[in-house]
Amino acid sequence: MIKDSLNNYCRRTLIVFLFFCGCAYSLHIQASLNLRFNHYTPSNDLYVDYDSNNEIYSFYTIGSDPYVFIAPLSRKLTEKETIFSFEYKCDSVIDYLKIYYGQYSSEVKSSKFSGLEPTSEWKLISLNLTSDLNVFNWGYKSNVLRIDFGDCSGVSFQIRKLHIHSSDGQDFYQEDINKPTFSNLIETGLPLLSIVTVNNEEPTCDFIEAPQGFLGTTVTNASKVSGRISIYHHDSLNTVFDSGDHGMTIKIRGNTSAYFINKKPYKIKLTAKADLLMRDDEHAVFDKNWILIRDEELKALAGFKLNELLGLEWTPAFSYVNVQINGNFKGVYLLLESVERNQTGRINVGKNGFIFEYDAYWWNEDFFIQSSDDSAMNYTVKYPDSEKLTTDEINYLTDLILNYESSLLDGTYDEYIDVESFALWILGHDIYGSYDSAGTNLFLSKYDNTTNSKIKLTTLWDFDCEMMCGDDWSRNHTITRCFKNLFNSDNPNFRNVYFQKWNELNDTIFKVMPEFLDTFSFSSEGKGLNQSIIYDNYLWGISNPLVDESVNKIKNWFSSRKQWLANNISDENSVKYRDIIDNSLRVYCKDSYLYVDKLDNEMVFVYSMLGERLYGGHDSVIFVPTKGCYIVHVGDNYCKILVK
C-alpha cells in the first residue's frame, strides 16, 4: 500500500514537473522567431549567396548603398520579442548598421546601430529594437525590415542564426525544423525530382540587358551541367525514373524574371527521350527537353486549364514537383513540357514545317527574322534549330512572315492565318487580364511549307502578369501590333470569330474553372503542394500564398472578369482596338524613387512583375525597395519601368 502510494505520488509529481517543463519550453520557443533574408527580391549593391545545408548567408558589398530585406514576419511578435540578433563573420569593418521599418520606409522610420568588426570566428551581435517597435508600430505579421550594411564597397561577410528574441535575457535560436528532409519531401505526396551533378557543380549564368531602345534582360553564358536525374513517387524510396550517370544536363533558362528572382527556372535535356511525367502508356509523350518553372500563385495551373477549355491546339502537360539539386532543396516547381516539335504530343508540325516566336528577346539570339511592323519585336525560330536552317528555309520563312504581316494591314489575313487559333489565343488573354504584352510568348506554327497549311497560334504561355487588367482589355489586345491590326481591320472576319467564340465558350469556361480549382485544392496533389509551399517559403524567405488563398483569388478574378467582359462584348464591333497613347504616363526613376507625373486626385498603383501590388495611394514620389522591373498604373495608363 505504502509502495503504491509512493509510486502514485512520484507519477503525479513527474507529470506536474513535465507539465511545467513543457510550458517553460513552449514559452522558450515562443520567445524567439527565426528570420530569413528575402531571396525573392534582389538586394542592392550586394551579392548574396545562401548555403541551405548550413543555413549561412554570404554577402559581398559592391557599392556604397548595400542593403537587403528580411522576409515578412510569419506571425506577430510578442511584447518581449524586441532583440534582433544574428551571428556573423566579417573580413573588414562595416562602420554601421541601419534598420528601416517597412518596405517603403524613409529615414524617419529608421535607426542607426554600431557596425560589424572584423572576425574570423562566429560572433553574436544583438540590437535592441524596443523603443523603435513602439514608435514605428512595427512587429505585426507580414511586416518587413530593411538592413543597410554601412557604405563600404568590397567587404565580405557571412550571417547565420538570424532571429528576434525575448528581451528578458533569453537568446534562443530554434533549430531549423522547417527545413525539409528527403523523407519530408517524399511524405508531401508530390513527386521528388532529385538531380546530382558531376562534382556537385551548380548551374550558373550571366545576364545581359537589351541594347538601347529594346526590351528586357535575359540569360547569357548559361552553363550546361551534366548529371543524373531520379524521380521518386508517393512514400517510396524506390525511383520511378532514373536517367543513369551523365543521363542529362541542366541549365538556367528564362528572361527578365530569371534575373530578378533568385529561385531560378531551369531547362533539363535528357540524353535519351523519356516521359518525366510518368504517364501511362496511352498518354505518355517521350521527349528529351523539359523545363522547371515557378508557379507561386497557381497562375499557370489556371492558365493551362483555360488553354484546354479554349481548345487551342496544344496544352502543355505538367506536374508540381519538389526539386533537390545535389541534396539541397531548391523549392517546389512546375515540371513542364517545353515548346517542342513532337508529333505524338507537343506541337504537331511536319519535318518541313516551322515553329517560330514573336520575340522581345531576339537580340540575344544568333539568328532572327526582322519584323516589318515593330522595331522592338522580331522573330526567332524554335524548329528547325536555327543552326540547321537551310538557305531555302530561311528564304521561305522570311517571305512567309513578310506576307503575313502585310496581310494584317491590308485585310487579306485569311490567306495566311488560322483565324480561329488567333481569336482563341487573344480571347484567353482577355479573360485572364494579361498585362505583359512583350513577354507573353506568341508561339506560332506552320505545319509544312505548302499553301495547304496556315500560321497558327499554338498555346497560351507565360502567366507572370495575369489578372492585372481588371477594367480594360489585355495588353495584347491593345498594344501588340498583330492584334491591333486584326481588331481594327476592314475585314471583319477576325472580330466575328472572336465574338462567336466568346458566345460559344464563356458559359463553359466560367462554370468549369472554379469547379476545377476547388477539385485541385482538395486533391492529394493540392494538399501536397500546400505543404511544399510552406517549405518553399521558408527556404527562400518569402510568404507566397497557400493553395486555398491562391484558388480563391483566381476564382474571384474569373467571377468579376466574366461580368466585365459581358458588359464590353456586345457585338463584333465592340472589341475593336481603342487607341492608348503609350507615352501619356510619364514616370522616371532616381535614387530608388519613382517620380510620377499625374493629376493631384489620381491614384497611383505600383506592381511587381509578378503582379503583386506594392503601392496604392496618391503620392507622386514613391520609394521602391530594390532594383528591378515595376509596373506603374495611373487611370487608364500603364508604364513598365526598370529601376537600376
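Residues are numbered from 1 along each chain as its sequence is written, and side-chain values use heavy atoms, with hydrogens and water left out. Because the model is predicted, local features need pLDDT of at least 70 and side-chain atom pairs count only at pLDDT 80 or more, while totals for chains, interfaces and linings use all residues.

Strands (E, at least two residues) and helices (H or I, at least four) are DSSP runs, numbered from the N terminus. Two strands pair if DSSP finds at least two bridges between them. Strand E2 (residues 46-51) pairs with strand E3 (residues 56-61) in the antiparallel sense, over six bridges. Asp49 has Ser58 of E3 as its bridge partner. The two strands E2 and E3 form a hairpin, with four residues between them. Glu55 lies in the turn and has a positive phi of about 55°. E3 also pairs with strand E10 (residues 156-166), antiparallel, over four bridges.

Strand E23 (residues 442-446) runs antiparallel to E24 and is joined to E24 by two bridges. Leu444 has Leu457 in E24 as its bridge partner.

Two surface patches were examined. Patch residues have over 30% relative accessible area and no salt bridge; like charges are joined within 9 Å, and nonpolar side chains (Val, Leu, Ile, Met, Phe, Trp, Tyr) within 5 Å. A salt bridge is a side-chain nitrogen of Lys or Arg within 4 Å of a carboxyl oxygen of Asp or Glu. Accessible areas come from the Shrake-Rupley method with a 1.4 Å probe, and for residues only the protein chains shown count as cover. Tyr47, Tyr60 and Ile62 form a nonpolar patch with about 310 Å² of accessible area together. Tyr60 lies in strand E3. Tyr60 counts as partly exposed at 36% relative accessibility; buried means under 20%, exposed over 50%, and partly exposed in between.

Lys224, Lys269, Lys273 and Lys288 gather in a surface patch of positive charge. Lys and Arg count as positive, Asp and Glu as negative; His and the chain ends are not counted. The place of a charge is NZ of Lys, CZ of Arg, CG of Asp or CD of Glu. Lys269 is in strand E17 (residues 266-274) and is partly exposed at 35% relative accessibility.

Asn573 is found in the loop between helix H12 (547-568) and strand E25 (586-590). Its C-alpha is 8.8 Å from that of Phe499, 74 residues apart in sequence.

Notes. Buried < 20%, exposed > 50% of the residue type's maximum accessible area, 1.4 Å probe, protein only.
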